[in-house]
Amino acid sequence: MVPPPENGRHRSGPEHGHSRRSLLAGVSAIGVLGALGAAGCTRVASASGRKGGALLDRLRAQGVVRLGIAGEIPFGYIDRDGHLTGEAPELAKAVFKRLGVDRVQPVPTEFGSLIPGLKSQQFDVVAAGMYVNADRCEQVIFADPDYRMLDSFIVRKGNPMGLRTYQDVVRKKARFATGTGYAEIQYAVDAGLEESDIVIVPDQVAGLNAVETGRADVFAGTALTTREVVKKSARAEATEPFAPLVDGKPHVDGGAFAFRTGETRLRDAFNTELHKLRKSGELFRILRPFGFTRAEMTDMTAKELCGG
């Protein structure tokens with residue numbers, strides 16, 4: 001089954017020992033995820049010694065690719081009707097169809113188990129909007145990012161404390177909340193906040209509730225998830241997106257598909273089709289229904305995010 005969770009974080013920044021949250025698409029999704037997870041525990045075939053790997057050939061022969069997902073809206077999840085969806089699975093469907101693989105099969109797991117699960121053959125590719133960073137690049141290989149992402153805060157209507165950056169939070173001694181294992185934990189700590197002072201909640205819905213009820217002054221998350229979750233709130237709003245500081249410089253994250261290190265042939269073929277979709281505008285059309293805007297489109301490369 002799924003290996004023990006990775007000591008890693010979900011989307012952004014260097015790894016600092018945090019795993020990322022898992023947000024399910026409604027209560028009914030829990031049972032669906034469990035059933036699909038059990039069905040997905042059979043190991044995939046191990047890579048051959050062929051240069052660049054032979055996985056692409058095997059996937060074409062099988063007609064199906066197994067996707068490691070983490071049950072997080074909008075990146076990859078099972079909806080209330082039991083269907084696999086999200087920006088990464090929908091993109092995977094488009095790319096792999098172009099590669100001659102007609103079906104995708106979800107293998108749900110905790111976010112922290114995605115890289116261990118990939119390396120131990122539980123699935124063929126990570127399709128969870130995973131941020132590319134140097135630590136992860138030592139364990140897996142990434143396609144080029146299909147999106148870029150800034151941070152944003154959930155605050156009370158009118159933003160009475162004027163909180164727009166992590167430095168504002170520290171300077172104004174605001175009660176700060178973020179999600180379990182979120183990359184935003186480290187961004188806040190880097191800005192000078194004591195980790196013990198951070199209120200940890202399961203996800204952005206719980207973060208909105210914490211701000212609305214006054215348990216926290218601010219909740220930090222991705223610009224996409226914060227703007228989506230406050231749409232129906234009468235008491236909270238999302239701040240303008242901003243780039244957190246890493247080593248004193250603004251940092252923009254990019255999310256991408258991850259592959260086992262030996263499967264460069266599959267990764268390169270994936271990149272070729274991804275670039276075609278980006279150039280044609282089809283990539284944005286696939287991501288737009290999940291709340292992505294043109295501001296989240298990017299031409300960043302995995303190489304630059306891996307540090308060279």
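Student: Which residues does Leu67 touch?

Tutor: In this predicted model, Leu67 touches Leu84, Pro89, Ala92, Val104, Gln105, Pro106, Val107, Phe123, Val125 and Ala127, leaving aside residues up to four places away in sequence. Contact here means heavy atoms within 4.5 Å.

Student: How are the residues numbered, and what gets counted?

Tutor: Residues are numbered from 1 along each chain as its sequence is written, and side-chain values use heavy atoms, with hydrogens and water left out. As the model is predicted, local features need pLDDT of at least 70 and side-chain atom pairs count only at pLDDT 80 or more, while totals for chains, interfaces and linings use all residues.

Student: How many residues are in the largest nonpolar core?

Tutor: That core has 41 residues, and those with the most contacts inside it are Leu67, Phe96, Phe257 and Phe292. A nonpolar core is a set of buried Ala, Val, Leu, Ile, Met, Phe, Trp, Tyr and Cys residues joined through side-chain atoms within 4.5 Å. Buried means under 20% relative accessible area, exposed over 50%, and partly exposed in between, using a 1.4 Å probe and protein chains only.

Student: And what share of the chain is buried?

Tutor: Of its 308 residues, 57% count as buried.

Student: Switching to helices, which residues of H3 are buried?

Tutor: In helix H3 (residues 87–98), the buried residues are Glu87, Ala88, Pro89, Leu91, Ala92, Val95 and Phe96. Helices (H or I, at least four residues) and strands (E, at least two) are DSSP runs, numbered from the N terminus.

Student: What angle does H3 make with H10?

Tutor: H3 and H10 pack at an angle of about 110°, with their axes 9 Å apart, and the two are therefore roughly perpendicular to each other. Axes are lines fitted to C-alpha atoms, for helices over the stretch in contact, and angles run from 0 to 180 degrees between N-to-C directions. Angles under 35 degrees count as roughly parallel, over 145 as roughly antiparallel, 65 to 115 as roughly perpendicular and the rest as oblique.

Student: Which residues meet there?

Tutor: Leu91, Ala94, Val95, Phe96 and Arg98 in H3 meet Leu266, Phe270, Glu273, Leu274, Lys276 and Leu277 in H10.

Student: Does H10 pack against H2 at about 70°, or what is the arrangement there?

Tutor: Helix H2 (residues 55–62) and helix H10 (residues 264–280) pack at an angle of about 70°, with their axes 7 Å apart, and H2 and H10 are therefore roughly perpendicular to each other. In this contact, Leu55, Leu56, Asp57, Leu59 and Arg60 of H2 meet Arg265, Leu266 and Ala269 of H10.

Student: What covers the buried residues of H10?

Tutor: The cover includes H2, H3, strand E6 (141–142), strand E15 (253–259) and helix H11 (282–287).

Student: New topic: which peptide bond is cis?

Tutor: The bond from Ile73 to Pro74 is cis, with omega near 5°, and Pro74 is found in the loop between strand E1 (64–69) and strand E2 (77–78). Most residues other than glycine have a negative phi, and most peptide bonds are trans.

Student: What is the phi of Asn159, then?

Tutor: Asn159 has a positive phi of about 45° although it is not a glycine, and Asn159 is buried, with a relative accessible area of 9%.

Student: Is Asp247 buried or exposed?

Tutor: Asp247 is exposed, with a relative accessible area of 78%, and its phi is near 55°, a positive value in a residue other than glycine.

How values were computed
The expected span of a helix is 1.5 Å times one less than its number of residues.
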